[in-house]
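Please report on selected strands and residues of the structure shown below. Keep the account brief.

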Amino acid sequence: MRQRLASLMINTSLSILISLFLLSAVSLRTAAQTPQLDAEEQAFLTLINNYRAQNGAGPLKASIALTNASKWMSADMAAKNYFPPNHVDSLGRSAFARITSFGYPPNSLWGENIAAGNNTAAGTLNQWKNSPAHNQNMLNPSHKVIGIGRAFGSSSNFRWYWTTDFGNIVDATLDTSSVVPPPTATTVNAASFLSRIAPDAIAATFGSNLAAGSYVAPALPLPTILGGVTVTLNGVATQLLYVSPTQINFVVPASISAGAATVTVTSNGTITAAGTATIAAVSPSFFTATANGQGVPVGFTTFDGVFYSPIFNANGSAQPLSVGTDANPNYLILFGTGFRLRSSLSNVQVLIGGVAAGVQYAGPQSNFAGLDQLNVKLPVSLRGRGDVPLVLIIDGQVANSVRINIGN
């Protein structure tokens with residue numbers, strides 16, 4: 001895909017301000033109107049404010065004047081098939097002359113980024129992140145407002161064009177009624193369905209019309225685009241396991257930082273849903289036989305590491321387990337996600353029927369992306385206890401409650 005970008009960041013001197021203001025005064029002045037941000041433009045506003053927050057800069061508000069200027073510039077580039085590195089538009093106006101012609105105050109610190117060739121907010125943000133001048137515009141702490149515009153030209157060289165204009169004077173801004181938000185997506189731990197997710201763990205996003213169909217990743221390495229769908233967390237693409245119209249399973253990027261994250265689902269270039277997720281260092285959880293985060297965990301027992309017995313029946317009920325003997329113990333192997341980044345094995349605690357069980361391993365399962373494995377030595381003192389709860393606590397975080405059956 002062909003891509004282009006250009007950046008300007010200017011603290012204009014008084015003499016230049018006067019000359020450019022005079023130039024703008026004789027240009028056709030656009031009538032003031034309240035624009036709307038489409039779903040991708042709104043996603044960009046969210047992404048850039050998250051990015052600024054991560055770098056110690058304050059949030060930007062959507063300026064009406066700057067948004068009108070940005071939308072005009074993107075539409076003009078798309079319609080007339082040009083991309084000006086010097087930011088001069090088809091009417092011969094500089095970026096400053098253009099934004100002031102749309103009513104933005106001339107006595108301001110301002111900047112402009114333009115890009116071409118990318119239709120998504122996340123992709124365009126990443127284009128600009130990778131350019132020092134663009135990145136400086138986006139992270140400039142003096143900037144308080146932004147204008148965002150993207151446009152499509154079917155016969156143009158780059159097809160998609162983006163413009164963002166920045167300013168340090170807060171003028172009239174868009175209220176929430178002027179923003180067209182995408183449908184809400186709910187993102188949870190894919191095993192427990194609790195709201196907390198963790199880096200390098202499996203998560204699930206639920207919504208409606210997320211994808212055109214159902215698709216399963218064919219093999220490792222996992223794709224970041226599956227059935228035309230992408231999912232990003234704070235603009236970082238995730239590895240996809242499964243996509244469908246109502247559910248998407250993916251692996252949380254290992255680089256994601258703890259805290260709130262913006263989740264954006266895009267299908268064939270259009271944002272189909274967006275939401276937030278809570279990222280924690282660990283989010284211990286078990287997959288269960290009934291696939292609802294409750295009941296019997298998915299797992300096996302083994303005496304020798306060669307032969308394995310399932311701990312659940314076909315209907316999801318518990319299979320009675322042998323605890324073995326002191327001389328020949330039985331080991332419980334359980335599968336979940338969200339605990340491979342535990343601080344230490346000593347901070348992994350397993351209680352079965354209130355009895356502490358010896359944890360042998362808690363970490364990645366090597367054959368499946370995002371899947372974790374827990375190996376526990378069954379205490380012989382549990383013999384004959386029947387149905388008992390199994391509780392997993394890692395670094396103070398408690399996993400979803402599950403139950404097993406201890407036989408005689």
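How many bridges join β21 to strand β22? The model is predicted, and in this model 6 bridges link the two strands. β21 and β22 run antiparallel. Strand β22 covers residues 372-377. Within this pairing, V359 has V376 in β22 as its bridge partner.

β21 also pairs with strand β20, again in the antiparallel sense. Here L351 stands opposite A356 in β21. The two strands form a hairpin, with 2 residues between them. In the turn, G353 has a positive phi of about 60 degrees.

The strand pairs side by side:

| Pair | Sense | Bridges |
|---|---|---|
| β20 (residues 348-352) and β21 (residues 355-364) | antiparallel | 3 bridges |
| β21 and β22 (residues 372-377) | antiparallel | 6 bridges |

Next, L332. This residue lies in strand β19, residues 331-337. L332 counts as buried because its relative accessibility is 0%, and the cut-off for buried is under 20%. Beyond its sequence neighbours up to four places away, L332 touches a set of residues including F300, I311, I352, L374 and V376. N137 is 195 residues from L332 along the chain, and their C-alpha atoms are separated by 55 Å.

Last, T187. This residue is found in strand β6, residues 186-189. Is T187 buried or exposed? At 5% relative accessibility, T187 counts as buried. Its side chain makes a polar contact of 2.8 Å with the side chain of T205. Not counting residues up to four places away in sequence, T187 touches several others, among them I197, A203, F250, V263 and T276.

Technical notes: Residues are numbered from 1 along each chain as its sequence is written. This is a predicted model: local features need pLDDT of at least 70, side-chain atom pairs count only at pLDDT 80 or more; totals for chains, interfaces and linings use all residues. Side-chain values use heavy atoms; hydrogens and water are left out. Helices (H or I, at least four residues) and strands (E, at least two) are DSSP runs, numbered from the N terminus. Buried means under 20% relative accessible area, exposed over 50%, partly exposed in between (1.4 Å probe, protein chains only). A polar contact is a pair of N or O atoms within 3.5 Å; within protein, one must be able to donate a hydrogen and the other to accept it, and residues adjacent in sequence count only if both atoms are side-chain atoms. Contact means heavy atoms within 4.5 Å. Two strands pair if DSSP finds at least two bridges between them.
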